Amino acid sequence: MISSVQEPRERPSVAAVTDALGRVLHHQANVLDLVSPTPGRVLFGVAVTIRFLPYREDLFQEEANSFARCFYAAIGNEPHGKVIVFDSAGYGNTSVGGGTKLSRLNNTGVAGLITDARLRDFRELAEYEPVFYCAGEAVRAGTAELMPDAANVPVVLDGVTIVPGDYVYADSSGAVIIPSTHFDEVWAAATEIEASEVSQKQSIREENPEDVNVGSRER
C-alpha cells in the first residue's frame, strides 16, 4: 500500500470520487444521509467490519457474541488508519454503540467508524479522536435488538456491499466505498474530474450568454 493512499494530503471531494468510481465500476457505492458528532471532519481509511444480527436469545452466547471480541478481531494487530464498518441488519433506528463501548476506538488509534445504524452519546463521541458517521443519534441502548456476530466478513451499508480492505471515504455530503483493487485508478480519475471542474468554472465566468448552448449537459 503506497504512502499516498495511507495519508493523502490533497483529497478530491466525495462527489468527485463517486463520479470517478462510476466510470470504472457500475455498482452502487455511495451512501447518503449519514450524520456525525463532528460533521466538519473527514473519515478516510481501510475498512474492517463487524456484522450484526437481530438478537435471538436462544442463539446468543456471551463469548461468541461479545462486542469486545469482535472489535479486537476486526482491527487486528495494526489498528492505525482502519475504519470499522457496522451494518444495521435492517435496524437503522437501533443503536450499535455509545461513548463507553466505543471508547475502544479512542484507545486503539483507529481512524473511525461508519454505520447505517444509530449511535448514542454524540457529545462524548465528539471529544474522541476517531471520526464517526451514522444514521443518527439514539438515546436507547440496542443490545436487546442487535448482537455482534462476526468480524471481517462482507457487510451491507445501506445497500452497499463492503468487504474488508475496501477504502471508506466520508464527509458531511455522504460516503463512498472504493474497492482496494481500483483505488489508484479511481483516485487519479477523481483528481482529474476536479481539475476539469475548475476549468469549467473558469469558462463559465467568461461565457457570453448569447453563445450558450442550451442543449449542453452539466453535472
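Asp121 lies in the loop that separates β5 (119-120) from α5 (122-125), where helices (H or I, at least four residues) and strands (E, at least two) are DSSP runs numbered from the N terminus. This is a predicted model, in which local features need pLDDT of at least 70 and side-chain atom pairs count only at pLDDT 80 or more, while totals for chains, interfaces and linings use all residues. Residues are numbered from 1 along each chain as its sequence is written, and side-chain values use heavy atoms, with hydrogens and water left out.

With a relative accessible area of 32%, Asp121 is partly exposed; buried means under 20% relative accessible area, exposed over 50%, and partly exposed in between (1.4 Å probe, protein chains only). Together with Glu124, Glu127 and Glu137, Asp121 forms a patch of negative charge on the surface. Such patches are made of residues with over 30% relative accessible area and no salt bridge, like charges being joined within 9 Å and nonpolar side chains (Val, Leu, Ile, Met, Phe, Trp, Tyr) within 5 Å. The place of a charge is taken as NZ of Lys, CZ of Arg, CG of Asp or CD of Glu.

Strand β2 (residues 43-54) runs parallel to β3 and is joined to it by five bridges, two strands being paired if DSSP finds at least two bridges between them. Within this pairing, Val46 has Lys82 of β3 as its bridge partner.

Side chains of opposite charge can pair when their charged atoms come close. A salt bridge is defined as a side-chain nitrogen of Lys or Arg within 4 Å of a carboxyl oxygen of Asp or Glu, and the count by this rule is three. In one of them, the side chains of Asp149 and Arg51 meet at 2.4 Å, N to O. This pair links distant parts of the chain, since Asp149 belongs to strand β8 (residues 146-151) and Arg51 to strand β2, 98 residues apart. Asp149 is partly exposed at 22% relative accessible area, and Arg51 is partly exposed at 29%.

Another salt bridge joins Asp58 and Arg56 at 2.5 Å, N to O; here Asp58 counts as exposed at 56% relative accessibility, whereas Arg56 is partly exposed at 43%.

Conventions. Areas by Shrake-Rupley, 256 points an atom, 1.4 Å probe, with all protein chains shown as cover. Lys, Arg positive; Asp, Glu negative; His and termini not counted.
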